[in-house]
Amino acid sequence: MSTPQQLYAWLFMLLSAALFHFSNGGVAGIGTASSYGPPYLPTACYGNDQSQFPSDGLFAAAGEGIWDNGAACGTHYRVRCLSSRESQACIAGGKVVTVKIVDNARTSVSRPSAPSTIALSKTAFTAIANSSAGSLNIEFERV
Ligand SMILES: *[C@@H]1O[C@H](CO)[C@@H](O)[C@H](O)[C@H]1NC(C)=O
């Protein structure tokens, strides 16, 4: 038998987990990153508009969980390289890159290197990992 205190603690944990899950759906978590393109145009968010791309080249196509029927367009995500199947693909220390969502990974003109949570532009991908890696395990967060 558990004490009422244990029961409350358990209920609290369950509630917290549920709240965390719902408030972070598609917005933060652990996932995978691939790379894609060029060509990058046209995109599902902004068509052929050249000005959609940040001048630093740090942009991405959203995978299923992030895309949210296009609501992800123009939002920014911070992506940290955690590990990969290829050994040592992450730049030492686990670099972070912040990208702007401009496309849907499922329909992008250039196909991503692997199905993933987020497909990073070549520039964004190489900012955090060895460009010859196909897929990275990442931590991501909307900013
Ligand atoms: C990137 O990965 C390739 C293939 O695994 C490897 O040959 C190369 O040395 C790596 N480059 C760097 C800079 O680590």
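1. Strands here are DSSP runs of at least two residues, numbered from the N terminus, and two of them pair if DSSP finds at least two bridges between them.

2. This is a predicted model, in which local features need pLDDT of at least 70 and side-chain atom pairs count only at pLDDT 80 or more, while totals for chains, interfaces and linings use all residues. Residues are numbered from 1 along each chain as its sequence is written, and side-chain values use heavy atoms, with hydrogens and water left out.

3. Six strands close into a barrel, in the order E1-E5-E2-E4-E3-E6, with mixed pairing. On the other pairing of E2, four bridges join this strand to E4 (residues 96-104), and the two run parallel; Ala-60 stands opposite Ile-101 there.

4. Strand E2 (residues 59-62) is covered on both faces, since Phe-59 and Ala-61 on one side and Ala-60 and Ala-62 on the other are all buried, that is, under 20% relative accessible area with a 1.4 Å probe and protein chains only.

5. Ser-35 lies in strand E1 (residues 28-36) and is buried, with a relative accessible area of 5%. E1 runs parallel to E5 (residues 118-121), to which four bridges join it, and Leu-120 is the bridge partner of Ser-35 in E5.

6. Leaving aside neighbours within four places in sequence, Ser-35 is in contact with residues including Arg-111, Pro-112, Phe-125 and Gly-134, where contact means heavy atoms within 4.5 Å.

Key. Buried < 20%, exposed > 50% of the residue type's maximum accessible area, 1.4 Å probe, protein only.
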